[in-house]
Amino acid sequence: MAKTKNLQRYCSIVGAHFIRSPYSFMWIYGNLSAYTDSYFRFACYPKCWDWDPQWLLSLYVAGMFPGYFMVKPLEKIFGLRWTGIIAMVMFNAAVFGSAWSQQVSIILTAVMYGALLGTGAGISSSVTIQMVSGWAPEKAAVLVALTSGTATLLSVVQNQIITAFVNPNNLKPDANIGPKTYFSQREILDRVPSVLLIHGAITMGLQLIGYLLISNPPKPSHEATADTAVLEKHSADELEEWAANSSSHTKNDQSMKDYGSNSLSKTGIDALDLSNHSRDDRIGDFNIETVEEKEETNNIYSYTPKEVLRSPVFYAVCFFGIAIEYGLLLKANFYKKFALLYIHNDKYLTLVGTLVPIISTGSRVLFGTLMDKSLLSLKDVAIIGLSLNCVLCAFWYISARVNAILYMFLVLGLAAAQSLMYVVLPTAALRLFGPVHLSTNYGLLASCTFICSILSPVITSPFLHAFGWPWVFITGSVCSLLVLCYVTLTNFNTKV
């Protein structure tokens, strides 16, 4: 039985890495959008450019938010494993459908990304966190970092496939419209719909492997444990009282002169038995009290969603997520589109995008491990991420104009800083607010991504056309600076 449980535990943790693969879309979009935006502009049906393509990624991120809250009701009906399978169907239907919708309309593609692609990714993300925390709660921080890191590592391969398939000859963008540059070459544009099908096939295959491996995690029975402890304590108290009374009777019997040696021998044996019972009771009481104290300690950190909303640290973590997510959306949307204005090497910029998930994964694992070993606190990690994001966004515009190598290091630094969001948010949900309402509380924390994804296109597009690229990146720096001050002054204590 124990061997079977260990095998299920191992397979489920490995499978959780595969079912998180939909999140790789976040990391390939920066490379892919350079081609899809060009396709919307020059290759699809007339009047296809009916919206800002920046909304594609924003609605995808916003769509994750309802996905987080759908997990708990779906889990009650279908179980955690089948909930993930439903998410897999939703996600891949949107990926394959977008190969057609992008030939028709930006709005239709954006709605599909928000309603299906993002929602499916959100459900998969929450299922992964519950799967890992259910099977290995003692290593939740580093394992959650690893599972999210798998999706980013997958994008390493996908980014290379995308560029090798769409632009094998490393052609330069040849059309400038406003502050942006585009590819208008037919040999590039004709391949764009097919590359989405390739992306969908890779993701679906990995998800199928993951769902074949995982099993539903064991559910903690807090109530049953508490009832058992109460019954055991009542039994121990009654036994202790009986032992005391028996010992008193034994002493009286020993003082009586008319008892013979046989009676004294029996009495000695009874007293020895009672003494052993009393010792066992004391050991039992110690164990019961230890269990009760442990459960009481665990219950302290299990807050209901209403209690979470009254906690100051909840808003500190949310603001952290908004600032980091805003910078992440800037990077995902513009790291390549902006750089192509000054660095005319598509394959080099794809290489930069390929290194991003490697650095991101390393950063997550490093800081997740440091948190598990209590070398850094949750607040320390949040402050480090905000500080780096603030400084690097301030120098974003200058770096691309100075040197391609400097720009690569700046983008990789941003990747390291922004990846900490995927460590801080799920770890905060589990460690600060407890495992009982994990999916709902994580959804509340992840609401920051919903808010930011809606505000980001509203802010960046007007800034870009009115003030140019420098001020777009400055908004990311200022946002991180303001939140850094708030987080630094916040006491990370979950008492409400």
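How many disulfides does a search of the whole structure find? The search finds zero disulfides, and this holds for a predicted model of a protein with 20 helices and two strands. Buried residues account for 53% of the 496 residues in the protein, and among contacts between residues at least 6 apart in sequence, 85% join residues at least 24 apart.

**Cysteines**

- With a relative accessible area of 22%, Cys-479 is classed as partly exposed.

**Nonpolar cores**

- The largest nonpolar core holds 111 residues, and the members that touch the most others are Met-26, Tyr-60, Phe-320, Trp-396, Tyr-407, Leu-425 and Leu-445.
- Helix H12 (residues 312-339) supplies the largest share of this core, namely 18 residues.
- Once neighbours within four places in sequence are set aside, Met-26 is in contact with Leu-57, Tyr-60, Val-61, Glu-325, Leu-328, Leu-329, Ala-332 and Tyr-422.
- Another core, of 19 residues, lies apart from the largest one and has Leu-74, Ile-85, Trp-135 and Leu-143 among its members.
- As general background, nonpolar side chains in soluble globular proteins tend to be buried together.

**Helices H2 and H14**

- Helix H2 (residues 25-42) bends by about 50° at Leu-32, and because 16 of its 18 residues are buried, H2 is largely enclosed by the rest of the structure.
- Helix H14 (residues 378-394) has 17 residues and spans 25 Å from its first C-alpha to its last, which is close to the 24 Å expected at 1.5 Å a residue.
- The residues of H14 that count as buried are Leu-378, Val-381, Ala-382, Gly-385, Leu-386, Asn-389, Cys-390, Leu-392 and Cys-393.
- Those buried residues of H14 pack against H12, helix H13 (346-372), helix H15 (396-402), helix H16 (404-418), helix H17 (421-431) and helix H20 (469-489).
- Ser-387 also lies in helix H14, but at 27% relative accessibility Ser-387 counts as partly exposed.
- Although Ser-387 and Val-483 are 96 residues apart in sequence, their C-alpha atoms are 9.8 Å apart in space.

**Aromatic pairs**

- The count of aromatic pairs comes to 20, and one of them joins Phe-65 and Phe-69 in an edge-to-face arrangement, with 5.1 Å centre to centre and 80° between the planes.
- Phe-65 and Phe-69 are four residues apart in helix H3 (residues 54-78), and they are therefore separated by about one helical turn.
- Phe-69 is partly exposed, its relative accessible area being 29%.
- The pair of Phe-334 and Trp-469 is likewise edge-to-face, because the ring centres are 5.2 Å apart and the planes lie at 80°.
- Since Phe-334 lies in helix H12 and Trp-469 in helix H20, this pair ties together parts that are 135 residues apart in sequence.
- Phe-334 is buried, with a relative accessible area of 2%, and Trp-469 is buried too, with a value of 6%.
- Phe-334 and Trp-469 also belong to a cluster linked by ring pairs, whose other members are Phe-338, Tyr-342, Trp-396, Tyr-397, Tyr-407 and Phe-473.

**Positive phi values in loops**

- Asn-170 has a phi near 55°, which is a positive value in a residue other than glycine, and Asn-170 is found in the loop between helix H6 (140-166) and strand E1 (175-177).
- At a relative accessibility of 26%, Asn-170 is counted as partly exposed.
- Ser-374, which is not a glycine either, has a positive phi of about 60°, and its place is in the loop between H13 and H14.
- Ser-374 is exposed, with a relative accessible area of 64%.

Methods: Residues numbered from 1 in each chain as written. Predicted model: local features only at pLDDT ≥ 70, side-chain atom pairs only at ≥ 80, totals over all residues. Heavy atoms only, no water. Disulfide = S-S within 2.5 Å. Buried < 20%, exposed > 50% of the residue type's maximum accessible area, 1.4 Å probe, protein only. Core = buried A, V, L, I, M, F, W, Y, C linked by side-chain atoms within 4.5 Å. Contact = heavy atoms within 4.5 Å. Expected span 1.5 Å × (residues − 1). Phe/Tyr/Trp six-rings, centres within 6.5 Å; stacked < 30°, edge-to-face > 60°. Bend = angle between axes of the 7 residues up to and from the residue.
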